[in-house]
Amino acid sequence: MPSLGDLVRDWHRGVQAVARGDWGCALRLFSGDPEPPARMCFNVGCVHLLAGDPEAALRAFDQAVTKDTCMAVGFFQRGVANFQLERFREALSDFRLALAQLRENATIDYTQLGLRFKLKAWEVLFNVGAAQCRLGLWAEATHSLEEALSKGPEGADDLHSALDQLQKQAPLQPRQVPRGEVFRPHRRQLEHLEPVDFLGKAKVVASAIPEDQHEGTQPQQPQVRDADGEGRPGAAPRMPLEAETEVGSGQVVQVIYDEQRPRVEQVGKQVPPGPLVAGAPDPSPLEDPSGAGGVAVGDPASSVTVTVQCAFTLALQVPRGADLSSLRSLLSQALPRQAQRGQLSYRDPSNKGRWVPLSGEEALQRAWRDAAASPGVLQLQCQGAGGRPALCQVVAQHSYSARGPEDLALQRGDVVDVLCEVDQAWLEGHCDGRIGIFPKCFVVPAGQYV
C-alpha cells in the first residue's frame, strides 16, 4: 500500500509527464493509487483523450463522476468522449448533466482545486447545440446557441460564426478542457515532500579534548569541592539563552523565571553534572528540578505558575494578572519564533476544557479570573503549524470525509486551527498534526460550539 507522500509524488510526476507529452508515463503514475479519487480518474480520462483512446477515456470519466456526482467538468469531458465515439445521444445527456451541476451559475472555477480551467455555462450550451445538430435537431441546436450567446462574452465571434454554420446545417465540433490541463497537487503538499529533520543537529558546547577546534566549544569546566566534598562545576561565562536550549522538538523543557534571571532545566531526565545554562546558580533545597509545573519564588500570593504548550512545554513565573505583552515578552526570551508568530489559547474550564484563543487583553483577564479557583496554575497553548500562525480556532459541527490528498478529514467535535481562508467556501487548517482544506460550512467558531 503506497504512502500518502508516494501518491502525491507520483501525482506531481504524472503532471510533469503530461506537460512533456509522455502519455504512457503519465497513465502509469496516475494509476498507482489502488483507490483513486475522482480527480485522479479525471486525469486518466484526459490523458486517454490526448492519446486518442476515447473508449478508455470514457471508462475513466465514468469512474470520476461515480465517485463525485457533482463534478460538472467530469460530465463535460465524458460528453466529449461520447461525442468522439459518435454516441451523440449519450453526449447530449452528459452535457445537460454538466449544465445541471452548474446550478444556474455562469462559471465554476476549478483553479483552487488544482485544475487551471473555468467551466462556463455558455461553453456547455455550445456543446449541447453541437450534439443536437449531429442528431438532426437543428431548431433545438439554434436555440441552444442563442442561449449561449446571451450568456457568453460580448463580441463572441465564435458563437456568431457557429450560428451561421447552423443556418447552413453544418456540424459543429464540441469544446473541451484545454490540451494538457489536469488536476495538480497543491503546492503545500509538494513542500511537505521535502525531508524534515525533526530532531535537529547535535551541538558541541563543551569538550574534554584540550585542543578541540570545534567552533563555539568551550573547554571542560574545572571541578571544585563544596562543603560536603562533592564535586560541582565551577562558574563559567554566561552563554546566550537561545543557544543553550537547542534540544530535539520532542524534548520537554522547564523554564523558571525569578526576579534576577531565568534558569532552564530538562524535565523527565536525569540532570547532568554541569548546569544546562552556564553561570546559573545551583537549585536550592526548596526547588524541584524534575517538576513540570514550576516553582514559586518569593511571596506565593504575588506570582503564579503559567504552563505554555509549544514545541516545548515551559513553566514561567509571572505576576498574577500579567497582561498579554508581558507573557509574550517572557516567552520570547526562550522561544522567540513561537512568541512572535504563535496563537496563544487557554484551557477554558467552563467550556468543557476546550482551548479558547486569547484574542486580546479582555480574553486574557477572563482567563485569569477562571484560573483564580485553581491552585495557582494557568494553562496556555502556543499553536502554529510549520511556523505559520493560527488565525483562530473552529470546531467541526459535522464529520467531513476527505475526497483528495489535500483535504483535511474531520470528526464532529474536532478542534481545528485555521491557517488561512482559501475562498468564501473553504478554509485551510491544522488538526492533530495534519494540514489540509475543508468546507467552511462544516465548522463553527470555537466559542459557539454546543
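## Reading a predicted model, feature by feature

Guide: Let's start with a charged pair: arginine 403 and aspartate 68 form a salt bridge, their closest N and O atoms being 3.5 Å apart. Keep in mind that this is a predicted model.

Visitor: Where in the chain do arginine 403 and aspartate 68 sit?

Guide: The pair links distant parts of the chain, 335 residues apart. Arginine 403 is in the loop between β15 (392–396) and β16 (415–421), while aspartate 68 is in the loop between α4 and α5.

Visitor: Is arginine 403 buried or exposed, and what about aspartate 68?

Guide: Here you need the cut-offs: under 20% relative accessible area is buried, and over 50% is exposed. Arginine 403 has 54%, so it counts as exposed. Aspartate 68 has 17%, so it counts as buried.

Visitor: Which side chain does glutamate 421 meet in a salt bridge?

Guide: That would be lysine 440, at 2.5 Å from N to O. Glutamate 421 is in strand β16, and lysine 440 is in the loop between β18 and β19. Lysine 440 is partly exposed, at 28% relative accessible area. Salt bridges can also share partners: Asp62, Arg78 and Asp94 are joined into one network that way.

Visitor: You keep mentioning strands. How do I read a sheet?

Guide: Strands of a sheet pair through backbone hydrogen bonds, either parallel or antiparallel. Here, five strands make an open sheet with antiparallel pairing, in the order β18-β17-β16-β15-β19. At the edges are β18 (434–439) and β19 (443–445), each pairing on one side only. On average, neighbouring strands are turned by 45° against each other, direction ignored.

Visitor: How many bridges hold β17 and β18 in their pairing?

Guide: Six, in the antiparallel sense, with β17 covering residues 426–431. To find your place, look for tryptophan 426: it stands opposite proline 439 in β18.

Visitor: Now for the inside. What tends to happen to nonpolar side chains?

Guide: In soluble globular proteins, they tend to be buried together. The largest nonpolar core here has 62 residues, and Phe30, Phe42, Val73, Phe95 and Leu172 have the most contacts inside it. Helix α7 (residues 121–134) gives the largest share, nine residues. Apart from this core lies another, of 15 residues, including Ala322, Leu324, Leu330 and Leu364.

Visitor: Which residues is phenylalanine 95 in contact with?

Guide: Leaving aside neighbours within four places in sequence, its contacts include Phe76, Val80, Phe83, Val124, Val128 and Pro174.

Visitor: Could we finish with a polar residue? Where does glutamine 101 lie?

Guide: Glutamine 101 lies in helix α6 (residues 88–101). Its relative accessible area is 16%, so it falls under the 20% cut-off and counts as buried. The side chain of glutamine 101 makes a polar contact with the side chain of arginine 103, at 3.2 Å. Beyond neighbours within four places in sequence, glutamine 101 is in contact with Thr69, Cys70, Ala72, Phe75 and Ile108.

Terms used: Residues are numbered from 1 along each chain as its sequence is written. This is a predicted model: local features need pLDDT of at least 70, side-chain atom pairs count only at pLDDT 80 or more; totals for chains, interfaces and linings use all residues. Side-chain values use heavy atoms; hydrogens and water are left out. A nonpolar core is a set of buried Ala, Val, Leu, Ile, Met, Phe, Trp, Tyr and Cys residues joined through side-chain atoms within 4.5 Å. Buried means under 20% relative accessible area, exposed over 50%, partly exposed in between (1.4 Å probe, protein chains only). Helices (H or I, at least four residues) and strands (E, at least two) are DSSP runs, numbered from the N terminus. Contact means heavy atoms within 4.5 Å. Two strands pair if DSSP finds at least two bridges between them. Axes are lines fitted to C-alpha atoms, for helices over the stretch in contact, and angles run from 0 to 180 degrees between N-to-C directions. A polar contact is a pair of N or O atoms within 3.5 Å; within protein, one must be able to donate a hydrogen and the other to accept it, and residues adjacent in sequence count only if both atoms are side-chain atoms. A salt bridge is a side-chain nitrogen of Lys or Arg within 4 Å of a carboxyl oxygen of Asp or Glu.
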